[in-house]
Amino acid sequence: IYAITDNEKDFIKLLEKRLKEKDYNEELFNLVNALESLTDSDARINGLDLSLSVGKLASSVGSIKESVILRATVSDKLSSVSELVKPDEAFDRNNYHKDEESISVIKEVELEKLVEALEGLFAGDLNTPLNDSLTLSLTIKDLKEASEEINSSLILRATVSNKINEIGDLTIVDESYDLGNFHINNVEINVLTTSELDGLVNSLLALFEENTEISSSLDFNLTVLDLYNSIDEINSSLILRGTIAKILGENGELSIPNDAKDVKVYHIDSVNTYLLSIDELKSLSKALVNILGDKQLDNIVISTDIFEELLLPSDEANKNKLEQSLESKIIWEKVSSMIGNVTGEFIIIPNEARVDNNSANRITVKEINNLMKAFSALGVTNIEEVTLGADFVFDLDDETKDSLGNTELTRTTIALEKSKILMASIPSLFESGIRGAYEEAITLDFGTTPLEGVLNSEGTAYVTEGELVRLFRAVRS
């Protein structure tokens, strides 16, 4: 180069012409070709300014990648950009040396993919310099529009993953990561798989405004409406499924039954964990909308105390809603627990009312429906406020007692007699009530023939239908 430029004719255009006329080293020609695309063709080599911008890289990447010197130069400039995470796998660390020491040179394919991604992300300002002042403020819209390019670049995928890892509200299961394939200085780093990144971005786009910035301060409080409206997108992301499972799992009073969990075992920091199955999440989202339908769903956050809001639909018009809600194993388990925890010593749950499966405490859907109808007939709106004690029926409010008139009596008793739990509990409940009223021990004969001709395997005595009618007539009066 110096020999050619001795005559002060050191113009890149002339230099390239002279190189073509004589024997030349391939790298030298590629270097000059790249320099011509990066600078003005009349620029002097001596004191050449190689300040790179995203736009310059995008327009010259084809020639830059052919020159080892330019690739090494770009690699050096990338090392000063602290915003970018630069995994070992994006560089050739074994074949290049400077002053006899090994140096890292970005691979040709990675350079192309990185520049494509940067060009998409900085489309509004291609003059952004490639130096330590570069700031990568990414919005959900940015990630969506450049998702293919980001997934193709190891550097950008690692960079975006790092930003997501910093969001404290997210629970990231190990299976979200491309394990074993990304390192910095031979130490493994956590980079999301391409499928997880796609699923997460689609979920974020459904849950947030598109101009929301991806940062550690992202507030990730999901509401019931969020869950319902975005359930398909949420189910496509292991991270969001893990986040919801953790939130629900932190509720000490909430049982997550095994049949609500995904059959696959997942991990967090190599420790076994579980995710809710895709079907369960769909059923749960519908159930919460049904049960919380009269409330402001966009204000109710999925949290550890959300189930304190449950008020079960109990009238005939809401029967389908209740049955649909019980398709969620979590809701089914919770409702069964609520019924089992009805205060008082007189609640009896016979075997006929239970489901024979992996949850010994789960009550059949039919029994829950019948029980809710019976409670509705008795004026009960919240089963967690029920005390099945001695005065349960005797202390009904006047309005409810009045409803037990001749025209309503049959309907009310029919509602009660269909609930195996109430029919099994009423004998001891009434016996205690009458004893308390007369302050003496009275033995009541409720009969031993169960309703519907089904013998209780525990020997529990059900009140007969005729006696139930007479009892309610007495209560009415």
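E188 is partly exposed, at a relative accessible area of 40%. Keep in mind that this is a predicted model.

Where does E188 lie? In strand β6, which covers residues 187–188.

Now its surroundings. If we set aside the neighbours within four places in sequence, E188 is in contact with L179, G180, F182 and H183. For G180 there is a specific atom to point at: the E188 side chain reaches the backbone nitrogen of G180 at 2.6 Å. Further off in sequence there is D88, 100 residues away along the chain. The C-alpha atoms of D88 and E188 are 9.7 Å apart.

Next, a helix pair. Helix α9, residues 194–207, and helix α12, residues 238–249, have axes that come within 8 Å and cross at roughly 65°. On the α9 side, the residues that meet α12 are E196, L200, S203 and L207. On the α12 side they are L238, I239 and L240. By class, that contact has 5 nonpolar residues, 1 polar and 1 charged.

Last, the rings. How many aromatic pairs does the count come to? The count is 0. There are charges over rings, however. The charged end of K261 sits over the ring of Y274, with 4.4 Å to the ring centre. R362 lies over the face of W332, and there the figure is 4.9 Å from the ring centre.

Conventions
Residues numbered from 1 in each chain as written. Predicted model: local features only at pLDDT ≥ 70, side-chain atom pairs only at ≥ 80, totals over all residues. Heavy atoms only, no water. Phe/Tyr/Trp six-rings, centres within 6.5 Å; stacked < 30°, edge-to-face > 60°. Lys NZ or Arg CZ within 6 Å of the ring centre and 35° of its normal. Helix = DSSP H or I, 4+ residues; strand = E, 2+ residues; numbered from the N terminus. Buried < 20%, exposed > 50% of the residue type's maximum accessible area, 1.4 Å probe, protein only. Contact = heavy atoms within 4.5 Å. Polar contact = N/O pair within 3.5 Å; in protein donor to acceptor, adjacent residues only side chain to side chain. Axes fitted to C-alpha atoms, helices over the stretch in contact; angles between N-to-C directions. Nonpolar A, V, L, I, M, F, W, Y, C, P; charged D, E, K, R; others polar.
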